[in-house]
Each structure stands twice: as C-alpha cells, then as structure tokens.
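The following paragraphs lead the reader through a structure, from the interface to individual residues. The sequence and coordinates should be kept at hand while reading.

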Amino acid sequence: MIDKNKAIEAIYAAIDELNAQLPADQHLQKSADTNLTGEKSPLDSLGLINLLVAIEQEISKLHGKDVQLLDENLLGEEGGPYRTVETLADYTAQSA
Amino acid sequence: MTGAPVRYRLISDFNLETLARILRINNPQKPAQVTVTPYGQAFQSLLALQNPSGFPDTDEIGIVWTQPQSIVKTYTDAANFLPYDTDAALAEVNAFADVLNQAASNLRALFITRWTSPSTERGLGPLDYRPGCGARILLDRMNIQLADRLASSSNIFFLEPDRWIGEAGGNAAWTPALWYAAKAPFSSKVYQAASNDILSYTQALGGHTKKLIILDLDDTLWGGIVGETGWQGITLGGHSHAGEAFQDFQRALKALTQRGVLLALCSKNDEPAALEAIDKHPEMILRRADFAAWRINWQDKASNIRSILEEINLGADAVLFIDDNPAERGLVSENFPQILVPDWPKNPALYPAALKQLTCFDSVALSDEDRQRASYYAAERMRRTFRDGEETGSSTAWLERLEICVTVEELNQTNLSRAAQLLNKTNQMNLSTRRMTEAELANWNAAPDRKIWTFRVADRFGDYGLTGIISGEHEGDTVSIIDFVLSCRVMGRQVEGAMVHQIFKWAKEQGARHLEARFVPTERNRPCHDFWTASGFEEVHPHHFRWVLDNPYAVPDALTLKAQAAA
C-alpha cells in the first residue's frame, strides 16, 4: 500500500514517457479524470500495456516496491480499474 | 531524393510497434512513414524485399532488430549450457548475412541492431567467456562474424543497443512484463533512444553532419581568464583535476579533426595574449595549426561568427557552437537558429563526455579527405598570406601563380565512397542537389549513356583531395549535365571550367550537338547559379543553360587538367 498521491505522481511520470510515443494532439492529460480506456482514450491495448509497465517501473524506482498492475483479465474491462487516472491511482495505491 | 518523407521498414522477431510510433513523430519537421513487418518473420520479410529488377528502386531504409536466439539456433544451445559447435553458429550467421546483403541491395540503407543479451544474466559465470563453452563469447563472435560478412555492403550500418539500454536505466530497460504481455522485451525508453539514433543515422545518410565547431577560449578550452593572468596563469593540464579535464576536452576536439571536423575560435579576448597561450603553453593540445579560423577580439560573437563562416565558406547549419557562458550561447542561438548550441555543463570534468555524446558528427563514410581537412584549411591560410603579400594584380595572374593542377578520373570502386560523400554533403556549388548512396550512384553510372567523373585538385601549397564531380546523360543530340558538384574549398579557382571542359569533350565524342545544364534552386546553391550565369552557356529558359558543341569549351588558362592514369 502506498499513498494515493504517490501513485498519481508515478502515473504522471509514466504519462510523460508514454506521450513521447503519441502525436501532440493525442497526448494524455495529466488529470484525474483522463480516460485511459474506451473510445475517449487515445490508448490502444499496446499503449495501455506500456503505461501500466511504466507505472510499475516508476513505483519500483521511487518507492522500492515490486508491484504488478498489468492483468490481462482487466485489459478488456471498460469499467475496471484502468478506466481513468483516478481509478488507476486507487488500484495502484492498493496494489503496491 | 530530398524533401520526401523518410520511409522506414522495421523487421524484427519481436514487437517493434512502440519504436514505429516514436519514429513517426520523432522529427516534427519531417514525419516518417513507418511500415512494421509481422514480427517473428525476419527471414521471410527480408527475402520478400528482393526486387526482380536487381536495382534499388526505393528510398526505404530497413531497420533489422533481432534477438540472437531466434536467428542462430546454436546460440540457444549455448544459452542453455549445452555443448555447442562455434563453426555451426557462425555458419548460421553467414546465412543470415547473405539475406541481409541481398536485402540491402534493394534498399536505400539497412540499419542493423547489434545482438545483445541482458548483462544481469550470469550465464556460466567464470566460464562464460571461455571459447566453446560460454554463451557470452559466442555472442561476441557472432556479432563480429556478422559485421565481417556485411562489410562489403556500403549501405549497411550497425546500431548500438547497449547505449540505448544504458540510457534507459540499464537493467530496468529489460522488461519481462512487456515481453510476456506484448512480445516487446524493452521499456519504451529504449525505443526512444533507438529512435534518436536512427534519426541521427538518417541525417548522416543525407549529409547533414556538423562540419565546424566554433569554440570559446576562457573557461572553455582552458580554465581562467588569459587576459588577466597571462598564459602562465591559466588552468590546463598539470596536477589539477580541472586542468586535466580541459586537456582531455582538447584531446577530444583534436580527435574530431580526424573525422573531418574543423575547429575555429570565437573569443572576447586580446588576440596577442590568447595566441601566445595557444603557442607557448606546454600543456596545450590544440595549437594554432589546428584552427581553420579565429576571431579573437571584443566584437559581439554573432558578427564574428558571420565573419568566420564567410572565411571558411560554410553555412550556419554546419556549425556547432561551444561556450561556457549561457548568455553568449543565447545570443548565438538567437542570431543563428541553424547553429547547434548545446547546453554546456558547468563542471569542466563533464566537458569531454558532453562532446563525445553528441550525435551531430555521425557520418556514413570516413575518407582520407576527411582526415586531412584541417590541413587543407591550414594550407588555405598560407594561400591567403601568399595572396596578401603579392602586389596587386589580376585574379587570373594570382591563380596562375598557385599552379593549380586538376586530375580527372572516371567513377570507380576506389573513388566511389568519397564521390558519394561529396555528392551528399555539398550544398553551395551543386547543380541539382541529388542525394544518393554509393550503391545508387554506382547503379546510375552503370547505364551505357551515362558517365560520372571525379576531380582531384592540388596546387603549390597542397592537395585539396577529391573535390569535384560532374555527371552526364546522353540522349538524342543532347548531353545533359546531371550533377555538377564542387567543394567550397576550391570554388572560384576556375576548376569549374575544367569540369565543364571534360564533359564537353565526352559530349563531342558521343556525337551530341548540345550540352545542357538545368539548375535546380535550393536555399543554398546560389553560387552554382552564379557560375552558370557567367559560364558562357546561353540561358535558353530560366535555369536552363545550353552550349552548342560546335563551339569549343577550353580548359581555363590558369590551370592544368590531366587524366588519372588507369590503376
């Protein structure tokens, strides 16, 4: 378990890394309500996987914790924990 | 070949989609078109590139990035600690190299990522580098074998993944989670670093290499203010850690001159005091002869840089500027957006590494002319001194006293590399600004109605090297000059006229009636237009020049033109 703010900090760092792969008009915004899945998200499955792994690495680097966020069973779930930055931060904080 | 988007074809045995995404947006000025072939089918994708015509008909750049275990099955045995046969492994490498060589002949260029493996995997530990036993030594042998087998293809270049892995955090760059979920073994930071290198290689292919470093002196080449302390008081070499760092920085700069990079000085200083330090300080690595030009005075640096560029005859886009003072860097950036002005570390201990990390000197060929370029400019200073010491006379008379000798030679295997380099680097005296690889140039020249000549120029002060190219194509009663390229080092020495005479002779031999040149304007080749306007050719249409071959086109009186004896 880590503090939710720390989880958001790690997610934002991962978003910076991911935005380097996206055209400027598709950049993910660093805000809690940014959609990460579904039609309102610019991410496809590879983009989402890259984001989740980048967050895992940030958590490991910043907090020394080994966390597994990537779960193939959750990738297709539009209402699951990957839905927005906010829901992902909750999931990350609990998982770490 | 300029102006079109760069096209890449990615071929791999793993998922390179992330690299493709980064490549598409990494250069906002020139977005790339990227095709990703299905992963796991490297051999099939390479074989599919074979073109029945046998000629490269594409601008595509292939990027091949494979894992050693998927190409060389014997390596898998070694990695699994089984006994293995080195020769069998190298035979598999040879088979892969043959396919790569064939594929490269149908591409503009082929970039191949050297095979690597995670350094954290211990393998056989103490035995991992024992021949015939460990996987690590086999991997090195496989890489060397591959490099040797590909050496004959001049458009194949190796990419260095360990640099990307280091940039991406070393061990953290290998991401098993991504491998298992998406068949991508690396974190996206690795692909970002790879994309930067690929962009740099691509720019090198197009000849966009920095050719001149303009340097400050105080606290850049040495520590301290020479105008205040005299040369005896500056920090350089000796037993000071900063002094050693400044000296190493000078060594790194000197090494770059071996790659054809010129050095110049632009310093706010008293010139006599600064030159005295350069001449007399026993620990100086760079001496006066290492600098192609200098402006050491109290004028603003923008004016001085303008003056240096005029003297050396280079465009601002060929320049890197290094100065410890952020205000001076800002001024130069503002006045010359094309000049590369890197942020510079405050700590001189970091200077050598900062220089060695720059990608702007990447080039795809290294010729004797490159290695000798600094001495060409030293000779040029002697020529100017000679001219300044002469009584006022005509330009032709001065040229005659230079005793210029131009040696012409048809394009051949020996001069092909330098000819392609000159074609791709020259901007000012360039008729059509065609950019071609060695293979493309050789293929173009192979057609019976085409011909390419190279020109070497020398005078009483030294050899300028291979500095000119002219090519022509014969069709009907006309020979068209396709390329007319001359290094800025010899522009205005009437070599241009000797080159035209050479193709004039060939056009006559072909039975043509007209010799024509069509000037293709760019931002930089105005000097070429000026030459053709004054060449005596009739401008029958704008930028379209014609000579009627009944009229002789003589070698200029001020120089001698001779043919290179056949080897």
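A salt bridge is taken here as a side-chain nitrogen of Lys or Arg within 4 Å of a carboxyl oxygen of Asp or Glu. By this rule, 2 salt bridges cross the interface of chain A and chain B in what is a predicted model. The side chains of A:Glu17 and B:Lys189 meet in a salt bridge, with an N to O distance of 3.8 Å. A network of salt bridges also links A:Asp44 with B:Glu17, B:Arg21 and B:Arg24.

How many residue pairs are in polar contact between chain A and chain B, both members being at pLDDT 80 or more? The count is 5. On the side of chain A that touches chain B, helix α2 of chain A (residues 45-63) gives the most, with 9 residues. Sorted by class, this side of chain A holds 7 nonpolar, 4 polar and 5 charged residues. In terms of contact, 16 residues of chain A meet 16 residues of chain B. The size of an interface is often expressed as the accessible area that is lost when the parts come together. For chain A and chain B, the buried area is about 1300 Å², and carbon and sulfur atoms account for 57% of it.

The discussion now turns to the nonpolar cores. The largest nonpolar core has 66 residues, of which B:Leu212, B:Phe484, B:Leu515 and B:Trp532 touch the most other members. Helix α20 of chain B (residues 495-509) gives the most to this core, with 8 residues. The surroundings of B:Leu515 can be followed in detail: with neighbours within four places in sequence left aside, its contacts include B:Val500, B:Ile503, B:Phe504 and B:Ala507. Also among the contacts of B:Leu515 are B:Val479 and B:Ile481, together with B:Phe537, B:Phe545 and B:Trp547. A charged residue, B:Arg546, is likewise in contact with B:Leu515. A second, separate core has 36 residues, including B:Ile213, B:Leu265, B:Ile278 and B:Trp294.

Salt bridges are found elsewhere as well, and the structure holds 37 of them over all chains. One of them joins the side chains of B:Glu276 and B:Lys280, at 3.1 Å from N to O. These two residues are 4 residues apart in helix α12 of chain B (residues 271-280), so about one helical turn separates them. B:Glu276 is partly exposed, with a relative accessible area of 33%, and B:Lys280 is also partly exposed, at 46%.

Another salt bridge pairs B:Glu311 with B:Arg295, whose closest N and O atoms are 2.7 Å apart. B:Glu311 lies in helix α13 of chain B and B:Arg295 in strand β8 of chain B (residues 291-297), so this pair ties together parts that are 16 residues apart in sequence. B:Glu311 is partly exposed at 26% relative accessible area, whereas B:Arg295 counts as buried at 16% relative accessibility.

B:Arg383 and B:Asp459 form a further salt bridge, with the closest N and O atoms 2.4 Å apart. Because B:Arg383 belongs to helix α16 of chain B (residues 368-389) and B:Asp459 to strand β12 of chain B (residues 450-459), the pair ties together parts 76 residues apart in sequence. Are these two residues, B:Arg383 and B:Asp459, buried or exposed? Both are buried.

B:Asn424 is located in helix α18 of chain B (residues 416-425) and counts as buried, at 9% relative accessibility. A polar atom of the B:Asn424 side chain lies 2.7 Å from the backbone oxygen of B:Met436. Beyond its neighbours within four places in sequence, B:Asn424 is in contact with residues including B:Leu205, B:Gly206, B:Gly207 and B:Arg434. In chain A, A:Asn19 is placed in helix α1 (residues 4-19) and is buried, with a relative accessible area of 10%. Residues up to four places away in sequence not being counted, A:Asn19 touches A:His27 and A:Leu28.

B:Asn313, in the loop between α13 (301-312) and β9 (319-322) of chain B, has a phi near 65°, a positive value in a residue other than glycine. B:Asn313 is partly exposed, at 24% relative accessible area. B:Gln494 also has a positive phi, near 70°, and lies in the loop between β14 (478-486) and α20 of chain B. The relative accessible area of B:Gln494 is 26%, which makes it partly exposed.

Methods
Residues numbered from 1 in each chain as written. Chains lettered and ligands numbered in written order. Heavy atoms only, no water. Contact = heavy atoms within 4.5 Å. Buried area = accessible area lost by both parts, 1.4 Å probe. Polar contact = N/O pair within 3.5 Å; in protein donor to acceptor, adjacent residues only side chain to side chain. Core = buried A, V, L, I, M, F, W, Y, C linked by side-chain atoms within 4.5 Å. Buried < 20%, exposed > 50% of the residue type's maximum accessible area, 1.4 Å probe, protein only.
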